[in-house]
Amino acid sequence: MGCLYDEVVPSALELTGADEKGGRFIPRSSKYLLYAYRLLQGTDDDQCSNVSIEKWVKFWSKKAIKYHLPPPRKEKKMVRPKSTHNPLGDITTDERWSIAEEALFEKLCIEENLKEEFYLAVYLACWLCTFVLPGKDVNSIRPSTFKMASMMANGRRVSLAIPILASIYEGLNIIASSSRPARTSPSFPVHFVYA
């Protein structure tokens, strides 16, 4: 099953502390995620502003674009196009980090042995905020997801079923209890309802 999913910003004790056995309370990547979030937040004029998903992805995505946008289609084309611009489905593994990625790791002082875990945690946080449990501010990264993203990247099992069902229930309840359901815009993972 895994541990229960809980969105909280970890305390300083959780970020740096260890239990009786010497194991860390949460993975170190959570600390680096919070630091990176603060750096991105500091680039805005408003220090209390949220970091957008677009800004988060642009900051972390330093690889070359693999699949370019397809050319615009012409209307009423009767002949099947020669190229559909669909990816082949081959996932290549990059053995080395790019120079731009290494510069990010150096800027954040991330140790060599944490790079893979940290990079996975970055994208898990984005995935949690965008697809799994979108919040009220749909287009922003929530620092409260960093703890769970770090735990997932570290290999710990996390149960997402209960919070997803609760989020769906809350969103549908908002729609059902509204006097004008068409004018409500609750954010919940509706794609799970369609599945």
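Colleague: What makes phenylalanine 146 count as buried?

Modeller: Phenylalanine 146 has 0% relative accessibility, so it counts as buried; the cut-offs are under 20% relative accessible area for buried, over 50% for exposed and partly exposed in between, with a 1.4 Å probe and protein chains only. A quick note: this is a predicted model, where local features need pLDDT of at least 70, side-chain atom pairs count only at pLDDT 80 or more, and totals for chains, interfaces and linings use all residues. Residues are numbered from 1 along each chain as its sequence is written, and side-chain values use heavy atoms, leaving out hydrogens and water.

Colleague: Why does tryptophan 56 count as buried?

Modeller: Tryptophan 56 is at 0% relative accessibility too, so it counts as buried.

Colleague: Why is the pair of phenylalanine 105 and phenylalanine 118 called edge-to-face?

Modeller: Rings of Phe, Tyr and Trp (its six-membered ring) pair if their centres lie within 6.5 Å; planes under 30 degrees apart are stacked, over 60 edge-to-face, the rest tilted. Here the centres are 6.5 Å apart and the planes sit at 70°, so the pair is edge-to-face. Both phenylalanine 105 and phenylalanine 118 are buried.

Colleague: How many aromatic pairs does the structure hold?

Modeller: Nine. One of them, tryptophan 56 with phenylalanine 146, is stacked, at 5.6 Å centre to centre and 20° between the planes.

Colleague: Which residues form one aromatic cluster?

Modeller: The cluster is made of Tyr32, Tyr37, Trp56, Phe59, Trp60, Phe105, Phe118, Tyr119, Tyr123 and Phe146.
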